[in-house]
Amino acid sequence: MIYLDNAATTKVFDSAVSAAETAMLTDYFNPNATYKSAVAVNNSIEKARSVIAGAVGANSDELIFTSGATESNNWVFNCGIKNHKGNIVITAGEHSSVYEVAMQLKSRGKDVRIAPLKHDGTVDEQALLRLVDDNTALVSIIHVSNETGVVNPVKSIAAAVRQKSPNALIHSDGVQAILKSGLPINGLGVDYYTASAHKIGAPKGIGFLYMRRGLNMSPYIFGGGQEHGMRSGTQNTPFIAAFAAAVQEYAKRNRDDIPSLRDELCKYLTDRGFAEVGCGQNSGYILCLCAPKYKAEILQNIVHDKGVIIGKGAACSGSKRGNRVLSAMGVKSDEIERCIRLSLFVDTTREDAFTAAKIIADACN
């Protein structure tokens, strides 16, 4: 089976499985207990935090382990806003874990403003800045679109927002960008940044919230005061260990040719009647295409029976009709129904990628 839905989730690296297994079977002690074996486990958590922080360009004390980006994003929107009477600005391209929590706040009376997308999939920067004013409390800009792979220039937008509204806090969902953008979090100019580990070869159920050093935020989950008082609950030591192992494995396997492979696949399929959706600067790992015929779900099932797994948009909204992000880009509804998503990973071989592309193209003929 050729797997090309890595934007939904990735296969867990063997080294990450091994790290989790050791934490479950050997180093299984509660890291918050006071005996030596437990203290050693707690030290291993801090070592893992240091490994991950170094890889993503952050300080260790700026990362808080969570269950993933959905929790982290909800935490920011529910607890990370200082000006409670201020407005919130998000982009129309946000992941559902940002968009839906923003809509929940809007239903409670918050002033939530949505910046439109351009046809290439990037946020309309000038329109976003027009929505920002002196009373803006939070601005959220997805770093890499989970639908199209298009990259938003978070650093330049953050700088422009700071100039116009110095007191506004800035958040970015970095799920599809972590370890792939080449930019350190500390260099983006954001206050909050969120990530999920299962996009880079680690298990589902672990991620982090980056909170800029010097910024204070109320806990979202209360209890025993774990994670330095910020996120209660006994730490998921097996998955934290797996996260750190995956980060190290990813660094060993990282390939500079993935973006060019993505572009070659794009050309191969557009030459055969497919149309690229989202032509802005791309992360190099995600390709969104409109098939010349067949609804995406039908094509997905046809190629699955031929040994190829592809996506048809964000997996978390797979049961919903339409596509909010593609609609915001101006893609027509009949085209949206034919949109497929191919997403690559460091273990995607060139041979597999083009074998899959041929199967996809043949299926439409």
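**Figure 1. Burial and overall form of the protein.** Of the 365 residues of the protein, 54% count as buried. The model shown here and in the other views is predicted. The chain forms 12 helices and 12 strands. Its radius of gyration is 21 Å, close to the 21 Å that the globule rule gives for 365 residues, so the protein is as compact as a globular protein of that length. Along the principal axes, the C-alpha atoms fill a box of roughly 65 × 50 × 35 Å. Among contacts between residues at least 6 apart in sequence, 73% join residues at least 24 apart.

**Figure 2. Surface and charges of the protein.** The accessible surface comes to about 15,500 Å², and 50% of this area belongs to carbon and sulfur atoms. There are 39 positive and 36 negative side chains. The centres of these two sets lie 3 Å apart.

**Figure 3. An open sheet of three strands.** The strands follow the order E9-E10-E12, and the pairing is antiparallel. Strand E9 (275–276) and strand E12 (339–343) stand at the edges; each has a single partner strand, so one side of each is left without a neighbour in the sheet. Strands of a sheet pair through backbone hydrogen bonds, either parallel or antiparallel. E9 and strand E10 (residues 286–290) are joined in the antiparallel sense over two bridges. Within E10, Cys290 is the residue that stands opposite Ala275.

Figure 4. Pro203 sits in the loop between strand E7 (192–196) and strand E8 (207–211). Is Pro203 buried or exposed? Its relative accessibility is 10%, and the cut-off for buried is under 20%, so Pro203 counts as buried. Neighbours within four places in sequence aside, Pro203 is in contact with Val12, Ala197, His198, Phe239 and Ala242. Another proline, Pro292, is 89 residues away along the chain, and the C-alpha atoms of Pro203 and Pro292 are separated by 36 Å.

**Figure 5. Two loop residues with a positive phi.** Most residues other than glycine have a negative phi. Leu179 is not a glycine, yet has a positive phi of about 70°. Leu179 is found in the loop between strand E6 (169–173) and E7. With 21% relative accessibility, Leu179 counts as partly exposed. His228, also not a glycine, has a positive phi of about 55°. The loop that holds His228 runs between E8 and helix H7 (237–253). At 64% relative accessibility, His228 counts as exposed.

Terms used: Residues are numbered from 1 along each chain as its sequence is written. This is a predicted model: local features need pLDDT of at least 70, side-chain atom pairs count only at pLDDT 80 or more; totals for chains, interfaces and linings use all residues. Side-chain values use heavy atoms; hydrogens and water are left out. Helices (H or I, at least four residues) and strands (E, at least two) are DSSP runs, numbered from the N terminus. Buried means under 20% relative accessible area, exposed over 50%, partly exposed in between (1.4 Å probe, protein chains only). Contact means heavy atoms within 4.5 Å. The radius of gyration is taken over C-alpha atoms; the globule rule is 2.2 Å times the number of residues to the power 0.38. Accessible areas come from the Shrake-Rupley method with a 1.4 Å probe; for residues, only the protein chains shown count as cover. Lys and Arg count as positive and Asp and Glu as negative; His and the chain ends are not counted. The place of a charge is taken as NZ of Lys, CZ of Arg, CG of Asp or CD of Glu. Two strands pair if DSSP finds at least two bridges between them.
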